[in-house]
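I opened the notebook to look up one residue first.

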Amino acid sequence: MIVQFIKKQLLMMIRNPQVLLILIGMPLILITILGFALGSVMNGEDVSVKAKVAIIEHGDNAQELKDFEKKLETSTLPPEAREAVSQSARRLLPVELLKSEVLKRPELKKYISVDEVEPGDLAKTKEDDSYSAIIEIPEGFTLQSLSSMFLEGEQTPQLKLYRNEGKELTSNLVEDLLVSFQKQYSLSAVIGRSSEAALSTDTMDTGVKGTVSNVEDREPLTSVTYFAVGMSVMFVLYIASNMGSFAYQEKEDHVFDRMILANVPVWKYFVSILVTTVILAILQLGILFGVCAIIFDVTWPDIGSFLLVTTALSLAVGSIGALLTSLNYRANSETFSNFFSTVAVTVFAFVGGSFGEMFSSDFIQKVGVLTPNGAGMAAYFKLFQGYPLSSVYSEMLTLLIFTLIILTAAALLFPKRGGMAK
(Lines give C-alpha, C1' and ligand atoms only; values in the text may rest on other atoms or scores of the structure.)
Protein backbone atom coordinates (compact mmCIF):
# COMPACT_ATOMS: atom_id res chain seq x y z
CA MET A 1 0.00 0.00 0.00
CA ILE A 2 2.82 2.43 0.86
CA VAL A 3 4.43 1.82 -2.53
CA GLN A 4 1.16 2.66 -4.32
CA PHE A 5 0.85 5.90 -2.34
CA ILE A 6 4.43 6.86 -3.19
CA LYS A 7 3.95 6.07 -6.86
CA LYS A 8 0.77 8.13 -7.04
CA GLN A 9 2.34 11.14 -5.29
CA LEU A 10 5.44 11.01 -7.48
CA LEU A 11 3.27 11.01 -10.61
CA MET A 12 1.30 14.00 -9.30
CA MET A 13 4.51 15.98 -8.90
CA ILE A 14 6.12 14.92 -12.17
CA ARG A 15 2.99 15.69 -14.20
CA ASN A 16 2.89 19.29 -12.96
CA PRO A 17 5.10 21.32 -15.35
CA GLN A 18 4.73 24.56 -13.39
CA VAL A 19 6.14 22.99 -10.25
CA LEU A 20 8.99 21.38 -12.19
CA LEU A 21 9.87 24.73 -13.72
CA ILE A 22 10.11 26.34 -10.28
CA LEU A 23 12.03 23.48 -8.69
CA ILE A 24 14.48 22.83 -11.54
CA GLY A 25 14.44 25.75 -13.99
CA MET A 26 14.44 28.65 -11.54
CA PRO A 27 17.49 27.59 -9.48
CA LEU A 28 19.51 26.93 -12.65
CA ILE A 29 18.67 30.41 -13.93
CA LEU A 30 19.66 31.99 -10.60
CA ILE A 31 22.89 29.98 -10.44
CA THR A 32 23.84 31.27 -13.88
CA ILE A 33 22.95 34.90 -13.15
CA LEU A 34 24.40 35.16 -9.64
CA GLY A 35 27.42 32.99 -10.35
CA PHE A 36 28.65 35.07 -13.26
CA ALA A 37 27.38 38.47 -12.07
CA LEU A 38 29.15 38.21 -8.69
CA GLY A 39 32.04 36.09 -9.87
CA SER A 40 34.63 38.87 -9.86
CA VAL A 41 33.66 39.93 -6.34
CA MET A 42 33.70 36.48 -4.76
CA ASN A 43 36.77 35.21 -6.63
CA GLY A 44 38.87 38.18 -5.61
CA GLU A 45 39.23 39.48 -9.14
CA ASP A 46 39.49 43.15 -10.07
CA VAL A 47 36.16 44.95 -10.12
CA SER A 48 35.42 47.46 -12.83
CA VAL A 49 35.06 50.56 -10.61
CA LYS A 50 36.42 53.97 -11.54
CA ALA A 51 35.85 57.02 -9.35
CA LYS A 52 36.55 60.47 -10.75
CA VAL A 53 37.35 62.90 -7.95
CA ALA A 54 37.81 66.67 -8.00
CA ILE A 55 39.91 68.44 -5.35
CA ILE A 56 39.30 72.14 -4.76
CA GLU A 57 41.85 73.76 -2.46
CA HIS A 58 41.24 77.28 -1.19
CA GLY A 59 44.37 77.71 0.90
CA ASP A 60 48.13 77.78 0.31
CA ASN A 61 50.00 74.91 1.93
CA ALA A 62 53.38 76.63 1.96
CA GLN A 63 52.06 79.84 3.48
CA GLU A 64 50.01 77.99 6.09
CA LEU A 65 53.06 75.96 7.07
CA LYS A 66 54.95 79.22 7.66
CA ASP A 67 52.03 80.53 9.72
CA PHE A 68 52.13 77.37 11.82
CA GLU A 69 55.88 77.73 12.43
CA LYS A 70 55.35 81.32 13.58
CA LYS A 71 52.60 80.12 15.91
CA LEU A 72 54.92 77.38 17.15
CA GLU A 73 57.57 79.95 18.10
CA THR A 74 55.11 81.63 20.46
CA SER A 75 54.06 78.35 22.10
CA THR A 76 55.15 77.13 25.52
CA LEU A 77 57.09 74.16 24.09
CA PRO A 78 60.81 74.00 24.87
CA PRO A 79 63.18 74.87 21.96
CA GLU A 80 64.18 71.21 21.38
CA ALA A 81 60.55 70.12 21.05
CA ARG A 82 59.76 73.01 18.72
CA GLU A 83 62.44 71.91 16.29
CA ALA A 84 61.22 68.30 16.35
CA VAL A 85 57.61 69.41 15.83
CA SER A 86 58.62 71.73 13.00
CA GLN A 87 60.39 68.89 11.18
CA SER A 88 57.43 66.56 11.69
CA ALA A 89 54.97 69.20 10.50
CA ARG A 90 56.81 69.51 7.18
CA ARG A 91 56.38 65.78 6.65
CA LEU A 92 52.76 65.69 7.81
CA LEU A 93 51.09 68.31 5.68
CA PRO A 94 47.52 66.95 5.58
CA VAL A 95 46.58 67.99 2.07
CA GLU A 96 49.78 66.59 0.59
CA LEU A 97 49.32 63.34 2.48
CA LEU A 98 45.69 63.11 1.37
CA LYS A 99 46.77 63.42 -2.25
CA SER A 100 49.92 61.33 -2.28
CA GLU A 101 49.18 58.66 0.34
CA VAL A 102 45.46 58.18 -0.27
CA LEU A 103 43.90 59.46 -3.48
CA LYS A 104 46.99 59.19 -5.70
CA ARG A 105 48.51 56.01 -4.37
CA PRO A 106 49.84 53.86 -7.22
CA GLU A 107 47.68 50.93 -6.08
CA LEU A 108 44.52 53.02 -6.49
CA LYS A 109 45.22 54.56 -9.88
CA LYS A 110 43.05 52.03 -11.66
CA TYR A 111 40.15 52.84 -9.33
CA ILE A 112 40.46 56.60 -8.79
CA SER A 113 41.38 59.52 -11.03
CA VAL A 114 42.00 62.90 -9.40
CA ASP A 115 41.58 66.36 -10.93
CA GLU A 116 42.72 69.51 -9.14
CA VAL A 117 40.17 72.24 -9.83
CA GLU A 118 40.39 75.99 -9.24
CA PRO A 119 38.17 77.33 -6.42
CA GLY A 120 36.27 79.54 -8.86
CA ASP A 121 35.12 76.46 -10.79
CA LEU A 122 33.28 74.84 -7.86
CA ALA A 123 29.78 75.55 -9.18
CA LYS A 124 30.71 74.33 -12.66
CA THR A 125 32.27 71.17 -11.24
CA LYS A 126 29.15 70.38 -9.24
CA GLU A 127 27.16 70.36 -12.47
CA ASP A 128 29.59 67.93 -14.10
CA ASP A 129 27.96 64.52 -13.67
CA SER A 130 31.18 62.68 -14.53
CA TYR A 131 32.60 63.34 -11.06
CA SER A 132 31.77 60.82 -8.34
CA ALA A 133 32.77 63.19 -5.56
CA ILE A 134 34.19 66.66 -4.95
CA ILE A 135 36.54 67.34 -2.03
CA GLU A 136 36.62 70.98 -0.96
CA ILE A 137 39.53 71.98 1.28
CA PRO A 138 38.78 75.28 3.08
CA GLU A 139 41.31 78.01 3.63
CA GLY A 140 43.37 77.51 6.77
CA PHE A 141 42.88 73.74 6.75
CA THR A 142 46.61 72.96 6.90
CA LEU A 143 47.22 75.50 9.66
CA GLN A 144 44.33 74.18 11.74
CA SER A 145 45.34 70.55 11.18
CA LEU A 146 48.93 71.06 12.30
CA SER A 147 47.83 73.20 15.24
CA SER A 148 45.30 70.56 16.28
CA MET A 149 47.94 67.87 16.00
CA PHE A 150 50.78 69.50 17.95
CA LEU A 151 49.24 72.29 20.02
CA GLU A 152 46.60 71.97 22.71
CA GLY A 153 43.23 73.66 22.61
CA GLU A 154 43.10 74.08 18.84
CA GLN A 155 39.99 73.67 16.72
CA THR A 156 39.66 70.50 14.64
CA PRO A 157 39.47 71.34 10.91
CA GLN A 158 36.86 69.92 8.54
CA LEU A 159 36.80 68.93 4.89
CA LYS A 160 33.72 69.22 2.71
CA LEU A 161 32.70 66.26 0.57
CA TYR A 162 30.11 66.59 -2.18
CA ARG A 163 28.81 63.19 -3.33
CA ASN A 164 27.21 62.40 -6.67
CA GLU A 165 24.11 60.47 -5.65
CA GLY A 166 23.90 59.02 -9.14
CA LYS A 167 27.24 57.26 -8.59
CA GLU A 168 26.59 55.69 -5.23
CA LEU A 169 29.19 52.92 -5.41
CA THR A 170 32.15 55.12 -6.36
CA SER A 171 31.10 58.03 -4.13
CA ASN A 172 30.90 55.60 -1.20
CA LEU A 173 34.42 54.44 -2.06
CA VAL A 174 35.74 58.01 -1.84
CA GLU A 175 33.89 58.64 1.42
CA ASP A 176 35.31 55.46 2.96
CA LEU A 177 38.83 56.52 1.98
CA LEU A 178 38.36 59.95 3.57
CA VAL A 179 36.95 58.42 6.78
CA SER A 180 39.95 56.09 6.95
CA PHE A 181 42.32 59.02 6.37
CA GLN A 182 40.59 61.06 9.06
CA LYS A 183 40.90 58.26 11.62
CA GLN A 184 44.60 57.74 10.91
CA TYR A 185 45.35 61.43 10.98
CA SER A 186 43.41 61.85 14.24
CA LEU A 187 45.50 59.06 15.74
CA SER A 188 48.63 60.92 14.67
CA ALA A 189 47.23 64.04 16.30
CA VAL A 190 46.79 62.23 19.62
CA ILE A 191 50.32 60.85 19.43
CA GLY A 192 51.69 64.25 18.48
CA ARG A 193 50.10 66.00 21.45
CA SER A 194 50.98 63.31 23.96
CA SER A 195 54.59 62.62 22.99
CA GLU A 196 55.70 65.90 21.45
CA ALA A 197 58.05 63.72 19.45
CA ALA A 198 58.90 63.61 15.80
CA LEU A 199 56.40 61.77 13.63
CA SER A 200 57.06 60.33 10.23
CA THR A 201 54.89 59.55 7.23
CA ASP A 202 55.19 55.88 8.22
CA THR A 203 52.39 56.49 10.71
CA MET A 204 50.09 57.27 7.80
CA ASP A 205 51.04 54.30 5.68
CA THR A 206 48.92 51.29 6.54
CA GLY A 207 49.41 49.63 3.16
CA VAL A 208 50.89 46.38 4.45
CA LYS A 209 51.97 44.32 1.48
CA GLY A 210 51.10 40.64 1.32
CA THR A 211 49.16 37.99 -0.49
CA VAL A 212 45.77 36.43 0.11
CA SER A 213 45.94 32.78 1.05
CA ASN A 214 43.76 30.16 2.65
CA VAL A 215 44.25 28.94 6.21
CA GLU A 216 44.47 25.40 4.88
CA ASP A 217 45.71 24.20 1.53
CA ARG A 218 42.27 23.71 0.02
CA GLU A 219 40.72 24.70 -3.26
CA PRO A 220 38.83 28.00 -2.95
CA LEU A 221 35.14 28.03 -3.80
CA THR A 222 34.22 29.71 -7.06
CA SER A 223 31.15 31.92 -7.27
CA VAL A 224 29.37 29.38 -9.50
CA THR A 225 30.06 26.62 -6.99
CA TYR A 226 28.83 28.78 -4.14
CA PHE A 227 25.54 29.64 -5.78
CA ALA A 228 25.09 26.12 -7.19
CA VAL A 229 25.02 24.90 -3.61
CA GLY A 230 23.19 27.94 -2.23
CA MET A 231 20.32 27.84 -4.72
CA SER A 232 20.04 24.04 -4.60
CA VAL A 233 19.68 23.85 -0.82
CA MET A 234 17.21 26.75 -0.96
CA PHE A 235 14.93 25.38 -3.67
CA VAL A 236 14.93 21.89 -2.23
CA LEU A 237 12.88 23.37 0.64
CA TYR A 238 10.08 24.09 -1.83
CA ILE A 239 9.66 20.34 -2.24
CA ALA A 240 8.30 20.26 1.31
CA SER A 241 5.75 23.02 0.77
CA ASN A 242 4.59 21.49 -2.51
CA MET A 243 4.12 18.09 -0.91
CA GLY A 244 2.13 19.67 1.90
CA SER A 245 -0.12 21.35 -0.68
CA PHE A 246 -0.55 18.16 -2.73
CA ALA A 247 -1.40 16.18 0.39
CA TYR A 248 -4.01 18.72 1.42
CA GLN A 249 -5.48 18.62 -2.08
CA GLU A 250 -5.92 14.88 -1.64
CA LYS A 251 -7.82 15.59 1.55
CA GLU A 252 -10.04 18.04 -0.34
CA ASP A 253 -10.68 15.29 -2.91
CA HIS A 254 -11.69 12.97 0.00
CA VAL A 255 -8.81 10.59 -0.65
CA PHE A 256 -7.93 10.65 3.02
CA ASP A 257 -11.54 10.01 4.05
CA ARG A 258 -11.84 7.06 1.68
CA MET A 259 -8.63 5.67 3.09
CA ILE A 260 -10.06 5.89 6.61
CA LEU A 261 -13.27 4.17 5.47
CA ALA A 262 -11.20 1.38 3.89
CA ASN A 263 -9.47 0.83 7.23
CA VAL A 264 -6.06 1.69 5.78
CA PRO A 265 -3.70 2.60 8.65
CA VAL A 266 -3.07 6.35 8.58
CA TRP A 267 0.59 5.82 9.42
CA LYS A 268 1.10 4.29 5.97
CA TYR A 269 -0.12 7.47 4.32
CA PHE A 270 2.07 9.53 6.66
CA VAL A 271 5.13 7.42 5.83
CA SER A 272 4.37 7.71 2.11
CA ILE A 273 4.39 11.53 2.38
CA LEU A 274 7.75 11.41 4.14
CA VAL A 275 9.33 8.93 1.72
CA THR A 276 7.97 10.69 -1.37
CA THR A 277 9.34 14.04 -0.21
CA VAL A 278 12.75 12.48 0.50
CA ILE A 279 12.84 10.82 -2.95
CA LEU A 280 11.85 14.05 -4.70
CA ALA A 281 14.47 16.01 -2.76
CA ILE A 282 17.19 13.54 -3.74
CA LEU A 283 16.07 13.66 -7.38
CA GLN A 284 15.98 17.45 -7.41
CA LEU A 285 19.44 17.83 -5.88
CA GLY A 286 20.80 15.13 -8.19
CA ILE A 287 19.42 16.87 -11.28
CA LEU A 288 20.60 20.34 -10.24
CA PHE A 289 24.12 19.24 -9.36
CA GLY A 290 24.25 17.00 -12.42
CA VAL A 291 23.38 19.88 -14.73
CA CYS A 292 25.89 22.12 -12.93
CA ALA A 293 28.57 19.47 -13.40
CA ILE A 294 27.89 19.30 -17.14
CA ILE A 295 27.46 23.02 -17.83
CA PHE A 296 29.57 24.73 -15.14
CA ASP A 297 32.08 21.96 -14.33
CA VAL A 298 30.97 21.86 -10.69
CA THR A 299 32.16 18.37 -9.77
CA TRP A 300 32.42 16.47 -6.51
CA PRO A 301 35.73 14.99 -5.30
CA ASP A 302 33.91 12.23 -3.36
CA ILE A 303 30.56 11.01 -4.73
CA GLY A 304 29.94 8.73 -1.76
CA SER A 305 30.18 11.57 0.76
CA PHE A 306 28.01 13.73 -1.50
CA LEU A 307 25.27 11.08 -1.52
CA LEU A 308 25.35 10.76 2.28
CA VAL A 309 25.01 14.51 2.83
CA THR A 310 22.29 14.69 0.17
CA THR A 311 20.37 11.90 1.90
CA ALA A 312 20.66 13.61 5.30
CA LEU A 313 19.46 16.91 3.83
CA SER A 314 16.61 15.19 2.00
CA LEU A 315 15.49 13.50 5.22
CA ALA A 316 15.31 16.94 6.86
CA VAL A 317 13.24 18.23 3.93
CA GLY A 318 11.03 15.15 4.14
CA SER A 319 10.34 15.81 7.81
CA ILE A 320 9.32 19.38 6.97
CA GLY A 321 6.98 18.07 4.27
CA ALA A 322 5.39 15.70 6.78
CA LEU A 323 5.01 18.50 9.35
CA LEU A 324 3.38 20.85 6.82
CA THR A 325 0.99 18.07 5.83
CA SER A 326 0.00 17.55 9.47
CA LEU A 327 -0.44 21.27 10.06
CA ASN A 328 -2.50 21.70 6.88
CA TYR A 329 -4.76 18.83 7.89
CA ARG A 330 -5.17 20.27 11.37
CA ALA A 331 -5.90 23.80 10.09
CA ASN A 332 -8.07 22.44 7.27
CA SER A 333 -6.31 24.78 4.80
CA GLU A 334 -3.04 25.27 2.90
CA THR A 335 -2.05 28.20 5.10
CA PHE A 336 1.06 26.59 6.52
CA SER A 337 2.38 25.43 3.14
CA ASN A 338 1.80 28.87 1.66
CA PHE A 339 3.49 30.59 4.60
CA PHE A 340 6.46 28.25 4.40
CA SER A 341 6.96 28.76 0.65
CA THR A 342 6.54 32.55 0.72
CA VAL A 343 8.14 33.55 4.03
CA ALA A 344 9.96 30.73 5.81
CA VAL A 345 12.02 29.61 2.81
CA THR A 346 13.24 33.18 2.23
CA VAL A 347 14.21 33.55 5.89
CA PHE A 348 15.97 30.19 5.87
CA ALA A 349 17.82 31.12 2.67
CA PHE A 350 19.01 34.46 4.07
CA VAL A 351 20.03 33.08 7.46
CA GLY A 352 21.57 29.95 5.93
CA GLY A 353 23.70 31.97 3.51
CA SER A 354 22.19 31.00 0.15
CA PHE A 355 22.56 34.56 -1.13
CA GLY A 356 26.08 35.01 0.20
CA GLU A 357 27.59 36.05 3.52
CA MET A 358 28.18 39.69 2.59
CA PHE A 359 25.27 40.92 4.71
CA SER A 360 25.44 38.29 7.45
CA SER A 361 26.70 39.00 10.96
CA ASP A 362 28.58 36.43 13.02
CA PHE A 363 25.42 35.75 15.01
CA ILE A 364 23.35 35.09 11.88
CA GLN A 365 26.02 32.75 10.54
CA LYS A 366 26.02 30.78 13.80
CA VAL A 367 22.25 30.48 13.67
CA GLY A 368 22.37 29.66 9.96
CA VAL A 369 24.26 26.39 10.43
CA LEU A 370 21.38 25.18 12.62
CA THR A 371 18.94 25.39 9.70
CA PRO A 372 18.72 22.41 7.31
CA ASN A 373 19.84 24.44 4.29
CA GLY A 374 22.64 26.13 6.27
CA ALA A 375 23.96 22.83 7.61
CA GLY A 376 23.69 21.31 4.13
CA MET A 377 25.61 24.22 2.60
CA ALA A 378 28.39 23.98 5.16
CA ALA A 379 28.75 20.23 4.57
CA TYR A 380 28.69 20.58 0.78
CA PHE A 381 31.33 23.33 0.85
CA LYS A 382 33.69 21.19 2.90
CA LEU A 383 33.25 18.27 0.52
CA PHE A 384 33.83 20.53 -2.48
CA GLN A 385 37.13 21.62 -0.96
CA GLY A 386 38.28 18.06 -0.50
CA TYR A 387 37.63 17.55 3.21
CA PRO A 388 36.96 13.98 4.34
CA LEU A 389 33.52 12.83 5.44
CA SER A 390 34.63 12.94 9.09
CA SER A 391 34.87 16.75 8.88
CA VAL A 392 31.13 17.10 8.25
CA TYR A 393 29.93 15.00 11.18
CA SER A 394 28.67 18.06 13.05
CA GLU A 395 26.59 19.19 10.06
CA MET A 396 25.26 15.65 9.54
CA LEU A 397 24.35 15.46 13.22
CA THR A 398 22.54 18.79 12.98
CA LEU A 399 20.48 17.52 10.04
CA LEU A 400 19.61 14.25 11.78
CA ILE A 401 18.60 15.95 15.05
CA PHE A 402 16.51 18.45 13.09
CA THR A 403 14.84 15.57 11.25
CA LEU A 404 14.00 13.69 14.45
CA ILE A 405 12.53 16.76 16.16
CA ILE A 406 10.40 17.86 13.20
CA LEU A 407 9.33 14.31 12.35
CA THR A 408 8.25 13.67 15.93
CA ALA A 409 6.14 16.84 15.90
CA ALA A 410 4.64 15.87 12.54
CA ALA A 411 3.70 12.38 13.77
CA LEU A 412 2.06 13.74 16.92
CA LEU A 413 0.03 16.31 14.95
CA PHE A 414 -1.03 14.03 12.12
CA PRO A 415 -4.81 13.30 12.40
CA LYS A 416 -5.95 9.80 13.20
CA ARG A 417 -9.38 10.05 11.51
CA GLY A 418 -11.08 11.83 8.62
CA GLY A 419 -13.79 14.46 8.53
CA MET A 420 -12.42 17.82 9.63
CA ALA A 421 -9.23 16.01 10.57
CA LYS A 422 -9.15 17.37 14.08
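**Entry 1: a serine.** I began with the side chain of Ser326, which reaches the backbone oxygen of Ala410 at 2.8 Å. I noted that the model is predicted. Next I looked up where Ser326 sits, and found this residue in helix α14, which spans residues 303-331.

Is Ser326 buried or exposed? I read a relative accessible area of 0% for Ser326. Buried means under 20%, so Ser326 counts as buried.

Which residues does Ser326 touch, leaving aside neighbours within four places in sequence? I listed Phe270, Ala410, Leu413 and Phe414. Ala410 is on that contact list, and its backbone oxygen is what the serine side chain reaches.

**Entry 2: a strand.** I moved on to strand β1, residues 51-57. Six of its seven residues are buried, so I wrote "mostly covered".

Which strands pair with β1? I found β2 (residues 112-117), parallel to β1 over six bridges. I also found β3 (residues 133-137), parallel to β1 over five bridges.

Then I picked out single partners. Ala54 has Asp115 in β2 as its bridge partner. Glu57 stands opposite Ile137 in β3.

**Entry 3: the whole chain.** I counted up the elements: the protein chain has 18 helices and four strands. The chain has 422 residues, and 45% of them are buried.

I checked contacts between residues at least 6 apart in sequence. Of these, 80% join residues at least 24 apart.

Last, I looked up the surface. The chain exposes about 21700 Å². Carbon and sulfur atoms supply 61% of that area.

Note on methods
Residues are numbered from 1 along each chain as its sequence is written. This is a predicted model: local features need pLDDT of at least 70, side-chain atom pairs count only at pLDDT 80 or more; totals for chains, interfaces and linings use all residues. Side-chain values use heavy atoms; hydrogens and water are left out. Helices (H or I, at least four residues) and strands (E, at least two) are DSSP runs, numbered from the N terminus. Buried means under 20% relative accessible area, exposed over 50%, partly exposed in between (1.4 Å probe, protein chains only). A polar contact is a pair of N or O atoms within 3.5 Å; within protein, one must be able to donate a hydrogen and the other to accept it, and residues adjacent in sequence count only if both atoms are side-chain atoms. Contact means heavy atoms within 4.5 Å. Two strands pair if DSSP finds at least two bridges between them. Accessible areas come from the Shrake-Rupley method with a 1.4 Å probe; for residues, only the protein chains shown count as cover.
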